[in-house]
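Welcome, and please get your viewer ready. We will go from one selection to the next and look at what is there.

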Amino acid sequence: MTLDKILSIGGKPGLYKLLTQTRAGFVGESLLDGKRVTVSLRNNVSVLSEIAIYTLEEEVPLREVFQKIFEKENGGKTSIGHKEDKIKLEEYFFEILPNYDEDRVYASDIKKIIQWYNILNDNGIKDFSDTSDDDDIASEEE
């Protein structure tokens with residue numbers, strides 16, 4: 001499963017797998033407990049593949065940040081929990097993304113990233129590569 005099928009829904013904990021779209025919104029399944037929810041288009045919904053993290057030079061796609069965490073942790077869960085204090089979270093994130101913009105990336109953002117990574121890891125979602133890059137390379141070779 002790719003990050004373009006994984007959602008964060010405002011006001012609801014955890015992450016959701018997009019199951020189907022309806023006229024009024026969509027149906028998602030919680031990656032935490034497997035419960036299904038119907039979400040209207042009025043809810044604040046973010047697709048993980050569309051999220052980027054501010055750095056001092058550019059915005060880095062969330063999948064790249066997840067890949068860096070995956071490499072640091074050798075494919076396992078994070079060495080710190082998302083409920084650690086602000087300093088520990090920032091130190092950990094600095095190891096992952098040394099040039100992140102400390103003025104625009106808050107401790108609450110780092111908590112979400114760590115929590116989301118661990119939820120994805122628990123659900124066996126560990127491939128954070130961008131499949132569209134492979135398509136671009138294949139078309140250039142032809």
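At what angle do helix α1 and helix α2 pack, and how far apart are their axes? Select residues 62-72 for α1 and residues 86-96 for α2: they pack at an angle of about 95°, with axes 9 Å apart. Axes here are lines fitted to C-alpha atoms, for helices over the stretch in contact, and angles run from 0 to 180 degrees between N-to-C directions. That angle makes α1 roughly perpendicular to α2 (the term covers 65 to 115 degrees).

Before moving on, a word on the model: it is predicted, local features need pLDDT of at least 70, side-chain atom pairs count only at pLDDT 80 or more, and totals for chains, interfaces and linings use all residues. Residues are numbered from 1 along each chain as its sequence is written, and side-chain values use heavy atoms, with hydrogens and water left out.

On α1, pick Val65, Lys68, Ile69 and Lys72; on α2, pick Tyr92, Phe93, Glu95 and Ile96 (contact means heavy atoms within 4.5 Å).

Next, select residues 25-30, strand β3. Here 6 of the 6 residues are buried, so β3 is largely enclosed by the rest of the structure (buried means under 20% relative accessible area, exposed over 50%, partly exposed in between, with a 1.4 Å probe and protein chains only).

Strand β2, residues 16-21, pairs with β3 in the antiparallel sense over 5 bridges (strands pair if DSSP finds at least two bridges between them). Thr20 has Val27 of β3 as its bridge partner, and a hairpin of 3 residues joins β2 to β3. Strand β4, residues 36-40, also runs antiparallel to β3, joined by 5 bridges; look for Gly28 opposite Val37. In the 5-residue turn between β3 and β4, click on Gly34, which has a positive phi of about 80°.

Staying with these strands, show Glu29 and Lys17. Their side chains meet in a salt bridge at 3.4 Å, N to O (a side-chain nitrogen of Lys or Arg within 4 Å of a carboxyl oxygen of Asp or Glu). Glu29 is in β3 and Lys17 in β2, so the pair ties together parts 12 residues apart in sequence. Glu29 is buried at 18% relative accessible area, while Lys17 is partly exposed at 22%.

For the last stop, select Asp122 and Lys77, whose closest N and O atoms are 3.4 Å apart in a salt bridge.

Note on methods: Helix = DSSP H or I, 4+ residues; strand = E, 2+ residues; numbered from the N terminus. Parallel < 35°, antiparallel > 145°, perpendicular 65-115°, else oblique.
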